[in-house]
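Please examine the sequence and the model shown below.

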Amino acid sequence: MIRESLPGDIIYLKDRLRKEEVEEIWASHNSTPEQALLGSYLISIRCFTALLNDRPIAMFGIAPETLLGEKACVWFLGTELLDKIKKSFVVLSRKFISLMLNDYPYLYNFVDFRYKKSLQWLKSCGAEISDPKPFGPEGLPFCKVVLVRSN
């Protein structure tokens, strides 16, 4: 199930994110999981929480560059429990990406090159993935990921 996010979801998820998510958050912004979840929640115009057995397993959202623009940063932070719902996770991901692309035809973010599972998932969702380039405070390799609405 997916619903609109609540502030309590941040508290629940902050200590449960995948190890790779925590490493990516630190490499990209030198932030803690709680800072990343809260910051993303606050800047997003839409923010959702995925649930398994009524417990949060992921949060995701969309943060536009400008309210009237066509570009938005899309983000997703999840737990290991996503592996229990692999097939439905990909199906739901594609559905929500399509919905977000209706509002913003150009979605993007930067993904830690070391986080292969995330890059594979994004590729299966139709993302274009650039070659890695230095990013973040430590200049580690990150790939720009782009999803574009097809006309």
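A salt bridge is a side-chain nitrogen of Lys or Arg within 4 Å of a carboxyl oxygen of Asp or Glu. The model is predicted, so local features need pLDDT of at least 70 and side-chain atom pairs count only at pLDDT 80 or more, whereas totals for chains, interfaces and linings use all residues. Residues are numbered from 1 along each chain as its sequence is written, and side-chain values use heavy atoms, with hydrogens and water left out.

The structure holds seven salt bridges. One of them joins the side chains of Asp-83 and Lys-117, with 3.2 Å from N to O. Asp-83 lies in the loop between S4 and H4, while Lys-117 belongs to helix H5 (residues 116-124), so this pair ties together parts that are 34 residues apart in sequence. Names such as these refer to DSSP runs numbered from the N terminus: helices are runs of H or I with at least four residues, and strands are runs of E with at least two. Salt bridges that share partners join Arg-18, Asp-83 and Lys-117 into one network.

Arg-18 counts as buried because its relative accessibility is 7%. Asp-83, at 28%, counts as partly exposed, and Lys-117 is also partly exposed, at 37%.

A further salt bridge is formed by Lys-14 and Asp-15, with the closest N and O atoms 3.1 Å apart. Lys-14 has 22% relative accessibility and so counts as partly exposed, whereas Asp-15 reaches 63% and counts as exposed.

Helix H1 (residues 7-13) contains Asp-9. Is Asp-9 buried or exposed? Its relative accessibility is 4%, so Asp-9 counts as buried. The side chain of Asp-9 makes a polar contact with the side chain of Thr-49, at 2.7 Å. A polar contact is a pair of N or O atoms within 3.5 Å; within protein, one must be able to donate a hydrogen and the other to accept it, and residues adjacent in sequence count only if both atoms are side-chain atoms. Apart from its neighbours within four places in sequence, Asp-9 is in contact (heavy atoms within 4.5 Å) with Arg-3, Thr-49, Pro-56 and Met-59.

Helix H2 comes next in this account. Its buried residues are Glu-21, Glu-24, Ile-25, Ala-27 and Ser-28. The elements that cover the buried residues of H2 include H3, S4, strand S5 (106-112), strand S7 (133-135) and strand S8 (140-148).

H2 is followed by Asn-30, which has a positive phi near 50 degrees and sits in the loop between H2 and H3. Asn-30 counts as partly exposed because its relative accessibility is 31%. Asn-53 also has a positive phi, of about 55 degrees, although it is not a glycine. Asn-53 is placed in the loop between strand S2 (46-52) and strand S3 (55-64), and it is exposed, with a relative accessible area of 69%.

The cysteines can be considered together. A disulfide is a covalent bond between the sulfur atoms of two cysteines. With a disulfide taken as a pair of cysteine sulfur atoms within 2.5 Å, the structure holds zero disulfides. For Cys-47, the nearest cysteine sulfur is that of Cys-73, 12 Å away. Cys-47 is buried, at 7% relative accessible area. For Cys-125, the nearest cysteine sulfur is again that of Cys-73, 16 Å away. Cys-125 counts as buried, at 11% relative accessibility.

Finally, the surface carries a nonpolar patch of about 320 Å², made by Leu-38, Leu-42 and Ile-43. Patches are made of residues with over 30% relative accessible area and no salt bridge; like charges are joined within 9 Å, and nonpolar side chains (Val, Leu, Ile, Met, Phe, Trp, Tyr) within 5 Å. Accessible areas come from the Shrake-Rupley method with a 1.4 Å probe, and for residues only the protein chains shown count as cover.

Key: Buried means under 20% relative accessible area, exposed over 50%, partly exposed in between (1.4 Å probe, protein chains only).
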